[in-house]
Amino acid sequence: MDHQISVLILEDEALVALDLEDLLRDAGFKIDGVFSSCAAALEWVEGNSPDVVIMDIELADGDCVKIATLLDERGIPFVVHSASVASSSFHDPIFLQGTWVTKPVSPSELCNAVQIALAAANDDDVSRPTKAGHA
């Protein structure tokens, strides 16, 4: 892999965040950062572009709707790492734009979800020729 895939982790439970960070590093990913609050994560994402984001729906200061919306608008894929199921009747429909994995997740399942999210984003780039900034 000539480009190390960069990952941003949004998780408010410290042990879960550390576990995700270790798991992803061991799998060869570069960790751009770990945030436990939406406000701090949103500020970081506004000025940076990770390759993929692993996010819990709820962080210490509320839900990640604004972050998920910004990621979707910018074409940055995300994996929803949640204890709940993917359903727009329980959560904002923006979260259905991500690839879902249920907590707890095995290392292979998480890595597979990251690859699926990245592949889907690449397919979107190809199918959206009007998207600016992609050569």
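This is a predicted model: local features need pLDDT of at least 70, side-chain atom pairs count only at pLDDT 80 or more; totals for chains, interfaces and linings use all residues.
Biologist: Thanks! Why is Thr102 called partly exposed?

Modeller: Its relative accessibility is 40%, so Thr102 falls in the partly exposed class, the one between under 20% and over 50%.

Biologist: And what makes His81 buried?

Modeller: The relative accessible area of His81 is 3%, so it counts as buried. His81 lies in strand 6 (residues 78-82); strands are DSSP runs of E, at least two residues long, while helices are runs of H or I, at least four, both numbered from the N terminus.

Biologist: Which residues is His81 in contact with, leaving aside its neighbours within four places in sequence?

Modeller: Among them are Glu11, Asp56 and Lys103, where contact means heavy atoms within 4.5 Å.

Biologist: How do you know that Lys103 forms a salt bridge with Asp56?

Modeller: A salt bridge is a side-chain nitrogen of Lys or Arg within 4 Å of a carboxyl oxygen of Asp or Glu. For Lys103 and Asp56 the closest N and O atoms are 2.8 Å apart, and that makes the bridge. Lys103 sits in the loop between strand 7 and helix 4 (107-127), and Asp56 in the loop between strand 3 (52-55) and strand 4 (58-59), so the pair ties together parts that are 47 residues apart in sequence. Salt bridges with shared partners also join Glu11, Asp56 and Lys103 into one network.

Biologist: What makes Arg25 and Glu21 a salt bridge?

Modeller: Their side chains meet at 3.0 Å, N to O, and the cut-off is 4 Å. Both lie in helix 1 (residues 14-26), four residues apart, about one turn of the helix. Arg25 is partly exposed because its relative accessible area is 44%, whereas Glu21, at 17%, counts as buried.

Biologist: How many salt bridges does a search of the whole structure find?

Modeller: The search finds four. One of them joins Lys30 and Asp32, with 2.8 Å between the closest N and O atoms.

Note on methods
Residues are numbered from 1 along each chain as its sequence is written. Side-chain values use heavy atoms; hydrogens and water are left out. Buried means under 20% relative accessible area, exposed over 50%, partly exposed in between (1.4 Å probe, protein chains only).
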